[in-house]
Number of protein chains: 2
Amino acid sequence: MDAQPMDSKSEQTKALVRETAMAMFRTKGYAKTTMRGIAADAGVSLGSTYYYYASKDELVLELYRESVTEQQAAATLALADASGLADRLKAALHAGIDALTPYHSFGSALIGSALPPQSPLNPFGEPSREVRESAVGIFSEVVEGAKVPAFLRAQLPELLWLGYMGVVLFWVYDRSEGQRRTRTLIDGAAPLIAKLVAFSRLPVVKPLVEEVLALKAKVQS
Amino acid sequence: MDAQPMDSKSEQTKALVRETAMAMFRTKGYAKTTMRGIAADAGVSLGSTYYYYASKDELVLELYRESVTEQQAAATLALADASGLADRLKAALHAGIDALTPYHSFGSALIGSALPPQSPLNPFGEPSREVRESAVGIFSEVVEGAKVPAFLRAQLPELLWLGYMGVVLFWVYDRSEGQRRTRTLIDGAAPLIAKLVAFSRLPVVKPLVEEVLALKAKVQS
DNA sequence: TCCAAAAGTTGAACGTGTTCAAAAATGGTG
DNA sequence: CACCATTTTTGAACACGTTCAACTTTTGGA
């Protein structure tokens, strides 16, 4: 009689496993969260957790999804009152890192699972395409509100996302308190990139940028 | 009565384990090479392999070392008859990827072990400092034989090495036949970087490059 | 030559992620 | 209700990397 589609029993169990795992990941980190631990905490058998999630990594992918959603929300919010490419880029990058911060302790372990090409977590792979496209979408928002030469406009969001991936990699390695160095990097790199974009119309720079775009297209095929 | 310093028995065993492991890594890949397999093939017990190598990763580090040595040799050779920054850079990068090629099949799995910050394989970490410094040395060679503005000269090798790490990351993901796309990237990026270096004296570009250098210094501390 | 300390060797044992055949619960059909 | 196919659940079992206490061999000085 519910208007809402009632979760089937099995969907409830799946959600229970997922939430238990998320909580455990957040409190104990990646390595100390074991499949047996998740099963025990969720009150189901080890086999059942594997019935719903084929691997530990697939559970981490859920965490990844959640974090990207948070990143998007935070970035959209921050973009509302930021104008100019430098500031907008800075806002988006800081928002992204903000959303990631709770996971820094086990981001280290995570990256081992996230980077192998065939991993479902691999940011460049097929399984995470949807998530990746939303992430690129954030940088489309960044670009939309800023002055960007036309010949660069279409490609820029993807390039910025790639740069963001670099920032995330840096962040994972960043052992300074509160990841201060990553913040420094963002604050320094954002205006630099903005300047580069602004200069990209100038006669000396434009051919260079065009070559970069051509190379990007060529390398992708 | 040997003039050569005779290997002690234990050094021989260590070498035996190492060579067995290297062969096994090369033929079966990372994942299918097990510590038990190495021990069996080498004719020693499982415990003994752990007496000489504290972990599987430490054995992979040996492979890493070997490959860097090969890279250096190949690069030095290739640099002998290459002049101009673009060509020299191209030569060094291709030589590096050449040396890496036999490992592409399990480079994928490798990266999972290599990137976590605390891993001995992490290219930015302390355990691999020596190896890293030789690698940066290759790019010092590249720079020495080319015309580079003075204000950039000291920092450039490290920046190029960083770029090379990016190329390696790209190569790991590169699923095209014979990693064609990586070769395309090298051929396209090398002249671009050379141009950028050449232009770095010009009034518009110089402040940008100087800012990049300043940011690099700031971020590293 | 002897013996204690050091170096080297061993295989059982632990905890892990993952697999799987079998058992149990569920849902629809006659 | 009775029957059967499908979905869900279970825990034992596997292979793995790693640890460790016990054992054996080598070393070097008295």
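This is a predicted model: local features need pLDDT of at least 70, side-chain atom pairs count only at pLDDT 80 or more; totals for chains, interfaces and linings use all residues.
Residues are numbered from 1 along each chain as its sequence is written, and chains are lettered from A and ligands numbered from 1 in the order in which they are written.

The place of Gln179(B) is the loop between α9 (156-173) and α10 (180-199) of chain B; helices are DSSP runs of H or I with at least four residues, numbered from the N terminus. Although Gln179(B) is not a glycine, its phi is positive, about 55°. Most residues other than glycine have a negative phi. In chain A, Gln179(A) lies in the loop between α9 (156-173) and α10 (180-199), and its phi is near 55°. Gln179(A) counts as buried, because it has 20 C-beta neighbours inside 10 Å.

## The surface near DNA strand D

There are 18 residues around DNA strand D, and Ser10(A), Ser45(A), Gly47(A), Thr34(B) and Ser55(B) come nearest. A residue is near a strand if its C-beta atom, placed from the backbone, lies within 6 Å of it. The largest share of this surface, four residues, comes from α3(A).

By type, the surface near DNA strand D has seven nonpolar, eight polar and three charged residues. Here Ala, Val, Leu, Ile, Met, Phe, Trp, Tyr, Cys and Pro count as nonpolar, Asp, Glu, Lys and Arg as charged, and the others, Gly among them, as polar.

## The surface near DNA strand C

Around DNA strand C there are 18 residues, of which Thr34(A), Ser55(A), Ser10(B), Ser45(B) and Gly47(B) come nearest. Here α3(B) gives the largest share, four residues. The surface near DNA strand C comprises seven nonpolar, nine polar and two charged residues.

## Two helices of chain A

Helix α5 (residues 85-100) and helix α7 (residues 129-144) of chain A pack at about 155°, with axes 9 Å apart. The pair is therefore roughly antiparallel, a term for angles over 145 degrees. Arg88(A), Leu89(A) and Ala92(A) of α5(A) meet Ile138(A), Phe139(A) and Val142(A) of α7(A), where contact requires C-beta atoms, placed from the backbone, within 7 Å. The residues of this contact are five nonpolar, no polar and one charged.

Note on methods
Axes are lines fitted to C-alpha atoms, for helices over the stretch in contact, and angles run from 0 to 180 degrees between N-to-C directions. Angles under 35 degrees count as roughly parallel, over 145 as roughly antiparallel, 65 to 115 as roughly perpendicular and the rest as oblique. Two residues are in contact if their C-beta atoms, placed from the backbone, lie within 7 Å. A residue is buried if 20 or more other C-beta atoms lie within 10 Å of its own, exposed if 12 or fewer, and partly exposed in between; C-beta atoms are placed from the backbone.
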